[in-house]
Amino acid sequence: MKTQTIIATVLCLAHSQSVLAATDQLVLEDATVGFKTPKHVAVVGAGSAGSSTAYFLRKYSQERGISLNITVYERDGHIGGRSTTVGVYGDEQNPVELGASIFVEVNHNLVDAAKEFNLSTSGIRELRSKGPVLGVWNGRDFVYIQSAGGSWWDTAKLFWKYGLAPLKTVNLMKATVGKFLKMYEEPYFPWKSLSQVAYDLGLTAATASTGEQFLEQNGIGKLFAQDIVQASTRVNYAQNLPLLHGLEAMVCMATDGAQAIDGGNWQIFSNMLSAAQATVHLNRTVSRLAKLNNNKYSISTKKQGSKTEALDQQIFDEVVLAGPLQYSDIDFDPKPRHLPDSIPYVQLHVTVFTSKHALSPRAFNLSSEKLVPQVVLTTLPPGEHHGSSPEGVGLPGFFSISLLRPSMDTREGRGELEYLYKVFSPAPLNDTFLANILGLAEKATIDKEDISWQYRKVWNSYPYEYPRVTFEELQLDEGLWYTAGIESFISTMETSSLMGKNIARLMVDGWES
Ligand SMILES: Cc1cc2nc3c(=O)[nH]c(=O)nc-3n(C[C@H](O)[C@H](O)[C@H](O)COP(=O)(O)OP(=O)(O)OC[C@H]3O[C@@H](n4cnc5c(N)ncnc54)[C@H](O)[C@@H]3O)c2cc1C
């Protein structure tokens, strides 16, 4: 028989978005019989990787009757890490994703979790019956336009312009994703080395080349690569095809069954942590990790933002670092046997805003009676090349502009129906840019009449996915694990979750042996 004690104490009132996410500290002790002394595990970070680690640790340990205490430390005031929302007009009932917004049908961990936790999902919505849903803009022209409903005429134009390249790309993507999916299954799962499993599955053939080379090696024409695949790598990773590796280029083309959790993807991770019966400390930064003589770890934490001495110190049998180490600010004593390399991350500017103005056809060299596509992706114009330079935004000046949905401004004295937009760019958007896309070029400054609400966030969003064939170790030292090495292989919510699951399984296997 299993007994559980549930003590819920209100721990944090911090981040406004987290009111539903996790204002409670949940201390749930698992008194599962089996091991006399429970294992004590600390997870640093409550994003996809950390929450999944905790969730699968609980699952695997319960299956084997191992008693376990899980403590999760999270620097932010909310669960989800880079999966987080902000309330439009400051209204938490009207959230919009600021970070990871989409997952797809082959993302087994996320799809299964959404089902298990009864979270409702929506696909990508077409907002208009008229006008194009998607266009690829190169700073001069739209090189590709897709109308609502994806007509046969769009398909015919696609084949006329690109020949068999679209079909070949779909086949290549399916073959590559098929290999990746084997990472979830025995005999590959659980894998002790990401480099080894990538090699065994033949995925290093894709990671060794740039996206441009990989497509060329597989007979896919340059025009399709430049117009369509690169538009996708730019919106997903802010990187051009001659920079990021072939595997990530293929991931960008795997869009079947694109979906999002209504109200925010973070709910998957919040539910995972509840199911894991983890003690979750929000607004708590892990500042120091010391390995003790008995091979246990002492973790020192402080309140987020505090410069003062450690708030708390606790001892754990094993520790999982579940976020990029270079942004974790943890002092190690002593340094672990293996310290992950610091790798460059894309600094992405995300701007969400509401406006009564539609996107201006003139800003996109369209005649005034035309409608601008609901989603504007970008690529480089002919003759503009940036090679593997990270400064590759080029003539368009932004990576994507998405008209997300209509939005009713119900704030006092208003009641106006507006558009909600999201822009990805390598630099902050200035008034000249905003005035231009909204057709207000004559205006020197943008005021509240034009943009009624806006929210800006700068992310260390994902690594520059340079070609490589080896990846970070999963185990940095005895009892010390690291999830974020998977980000230079594939950086998504699902892959972080898969890494968490894999590490959880390795840990529990290790306790049994
Ligand atoms: C703008 C944007 C759009 C994206 N779009 C998508 C998308 O559509 N689909 C998709 O699948 N992926 C997308 N991604 C990528 C995806 O968000 C990440 O790959 C994934 O969320 C990473 O999860 P993680 O748990 O590994 O890391 P994180 O989410 O970064 O979690 C790490 C956590 O650790 C915490 N932490 C770090 N150091 C400490 C410390 N010392 N003490 C305590 N806590 C600490 C951090 O606060 C953070 O919450 C996007 C990312 C961005 C930025």
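Guide: Helix H9 and helix H10 are roughly perpendicular to each other, a term kept for angles of 65 to 115 degrees, whereas angles under 35 count as roughly parallel, over 145 as roughly antiparallel and the rest as oblique. This is a predicted model, in which local features need pLDDT of at least 70 and side-chain atom pairs count only at pLDDT 80 or more, while totals for chains, interfaces and linings use all residues. Residues are numbered from 1 along each chain as its sequence is written, and side-chain values use heavy atoms, with hydrogens and water left out.

The axes of H9 (residues 222-237) and H10 come within 9 Å and cross at roughly 95 degrees; axes are lines fitted to C-alpha atoms, for helices over the stretch in contact, and angles run from 0 to 180 degrees between N-to-C directions. Helices here are DSSP runs (H or I, at least four residues), as strands are (E, at least two), numbered from the N terminus. On the H9 side, Ile228, Val229, Ser232, Thr233, Asn236 and Tyr237 meet Glu248, Ala249, Val251, Cys252 and Met253 of H10, where contact means heavy atoms within 4.5 Å. By class, this contact has seven nonpolar, three polar and one charged residues (Ala, Val, Leu, Ile, Met, Phe, Trp, Tyr, Cys and Pro count as nonpolar, Asp, Glu, Lys and Arg as charged, and the others, Gly among them, as polar).

H10 (residues 246-253) also packs with H5 (residues 165-181), their axes coming within 9 Å and crossing at roughly 110 degrees, and H5 and H10 are therefore roughly perpendicular to each other. Thr169, Leu172, Met173 and Thr176 of H5 make this contact with Leu247, Met250 and Met253 of H10, and by class it has five nonpolar, two polar and no charged residues.

As for the whole, the domain assignment, which is automatic or from a database, gives domain 1 (4-89 + 263-341 + 472-512) and domain 2 (125-177 + 199-257 + 345-463). Their centres, taken over C-alpha atoms, are separated by 34 Å, and the contact takes 16 residues from domain 1 and 25 residues from domain 2. Between domain 1 and domain 2 the count is zero salt bridges, a salt bridge being a side-chain nitrogen of Lys or Arg within 4 Å of a carboxyl oxygen of Asp or Glu.
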